[in-house]
Amino acid sequence: QVQLVESGGGLVQAGGSLRLSCAASGSIFSIKLMGWYRQAQRELVAAITSGGSTNYADSVKGRFTISRDNAKNTVYLQMNSLKPEDTAVYYCNAVVLRSPVNVNEYDYWGRGTQVTVSS
């Protein structure tokens with residue numbers, strides 16, 4: 001099994017910043033893709049491949065930056081210039097390969113972390 005543990009959410013005023021972290025642990029050979037979703041908007045916020053390619057929702061481009069530390073199986077989301085419409089529960093997602101001989105990809109989710117932006 002694989003566990004994803006998020007941290008870094010909280011309450012911030014509009015224009016402020018927060019940094020989310022998500023650490024993966026367990027039966028991991030490699031992590032193909034890591035990303036952040038938010039529930040209120042039902043959208044992918046940002047994703048990053050093991051090679052460092054990134055993808056962002058149009059609503060966060062230029063404000064949010066996703067990064068990852070492959071050695072630590074951890075993904076980060078730096079959120080700047082936050083707006084009230086960014087308020088949501090943010091979920092971490094990872095697409096995992098469990099072993100070098102098992103080509104199946106497994107999809108895991110964290111429990112979510114609340115981000116609230118006050119106006």
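Biologist: Where does Thr113 lie?

Modeller: Keeping in mind that the model is predicted, Thr113 lies in strand E11, which covers residues 113-118.

Biologist: And is Thr113 buried or exposed?

Modeller: Thr113 has a relative accessible area of 11%, and because buried means under 20%, Thr113 counts as buried.

Biologist: What is Thr113 in contact with, leaving aside its neighbours within four places in sequence?

Modeller: With those neighbours set aside, Thr113 touches Glu6, Gly9, Leu20, Ala88, Val89 and Tyr90. For Gly9 there is also a polar detail, in that a polar atom of the Thr113 side chain lies 3.3 Å from the backbone nitrogen of Gly9.

Biologist: Which strand pairs with E11 in the parallel sense, and which in the antiparallel sense?

Modeller: Strand E2, residues 10-13, pairs with E11 in the parallel sense over four bridges, and Val12 stands opposite Val117 there. E9 pairs with E11 in the antiparallel sense over three bridges, with Ala88 opposite Val115.

Biologist: Switching to the core, which residues touch the most other members?

Modeller: The largest nonpolar core has 31 residues, and Trp36, Leu77, Met79 and Tyr90 are the ones that touch the most other members. Elements that give two or more residues to this core include strand E4 (30-38), strand E8 (74-79), strand E9 (88-99) and E11, and E9 gives the most, with five residues.

Biologist: OK, rings next: how many aromatic pairs does the structure hold, and which charged residues sit over a ring?

Modeller: The structure holds one aromatic pair. As for charges, Arg19 lies over the face of Tyr76, 4.1 Å from the ring centre, while the charged end of Arg98 sits over the ring of Tyr106, at 3.9 Å from its centre.

Biologist: Last topic, the loops: where is Asn73, and what is its phi?

Modeller: Asn73 lies in the loop between E7 and E8, and although Asn73 is not a glycine, it has a positive phi of about 50°.

Biologist: What about Ser81, where is that found?

Modeller: Ser81 is found in the loop between E8 and E9; Ser81 also has a positive phi of about 50° without being a glycine, and at 41% relative accessibility it counts as partly exposed.

Terms used:
Residues numbered from 1 in each chain as written. Predicted model: local features only at pLDDT ≥ 70, side-chain atom pairs only at ≥ 80, totals over all residues. Heavy atoms only, no water. Buried < 20%, exposed > 50% of the residue type's maximum accessible area, 1.4 Å probe, protein only. Polar contact = N/O pair within 3.5 Å; in protein donor to acceptor, adjacent residues only side chain to side chain. Contact = heavy atoms within 4.5 Å. Phe/Tyr/Trp six-rings, centres within 6.5 Å; stacked < 30°, edge-to-face > 60°. Lys NZ or Arg CZ within 6 Å of the ring centre and 35° of its normal. Core = buried A, V, L, I, M, F, W, Y, C linked by side-chain atoms within 4.5 Å. Pairing = 2+ DSSP bridges.
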